[in-house]
Amino acid sequence: MGDLPSARQLSSLFVKDPAHVESHDQLSLAFIRQEKELELAYQLTRQLLQLMKNKQGEEAAAWISICSQSGISELEAFALGIQKEQPAFLAACSLAYNNGMAEGFVNKLKHIKGSMYGRGSFELLRQRVLLSAA
């Protein structure tokens, strides 16, 4: 087997649908999953994705509890952060609503503002935002 992919590439394999993972990536994933802690992290990642995809908010508390007791410091810290924002997490795992539209608009506004950096005034920015919406 050649060099292992980067940590970023491997973490993307954790969240990618197993049915859509290419064969060479499947080998890498199988290799790293031989490590006990990485297998646990993989299984918990898959469970979280299923909770959110299937809107199973009632099972979210049990998932947080498992992460808190996993013995993996990164997962325990993640679970602690989720516990601090538990109402928002439960809503994300239960409700069909999200703020994607608002985030998209903010991203578009930042792009327009960045392209104007150092030029113009608020009025020019306002006109460009209004024109881009039309």
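Colleague: Leaving aside neighbours within four places in sequence, which residues is serine 70 in contact with?

Modeller: This is a predicted model, in which local features need pLDDT of at least 70, side-chain atom pairs count only at pLDDT 80 or more, and totals for chains, interfaces and linings use all residues. Residues are numbered from 1 along each chain as its sequence is written, and side-chain values use heavy atoms, with hydrogens and water left out. Contact means heavy atoms within 4.5 Å. With those sequence neighbours set aside, serine 70 is in contact with Leu40, Leu44, Leu75 and Glu76.

Colleague: Is serine 70 buried or exposed?

Modeller: Serine 70 sits in the loop between helix 4 and helix 5; helices (H or I, at least four residues) and strands (E, at least two) are DSSP runs, numbered from the N terminus. Buried means under 20% relative accessible area, exposed over 50%, and partly exposed in between (1.4 Å probe, protein chains only). Because its relative accessible area is 16%, serine 70 is buried.

Colleague: What is the relative accessible area of valine 15?

Modeller: Valine 15 belongs to helix 1, residues 7-15. This residue is partly exposed, as its relative accessible area is 48%.
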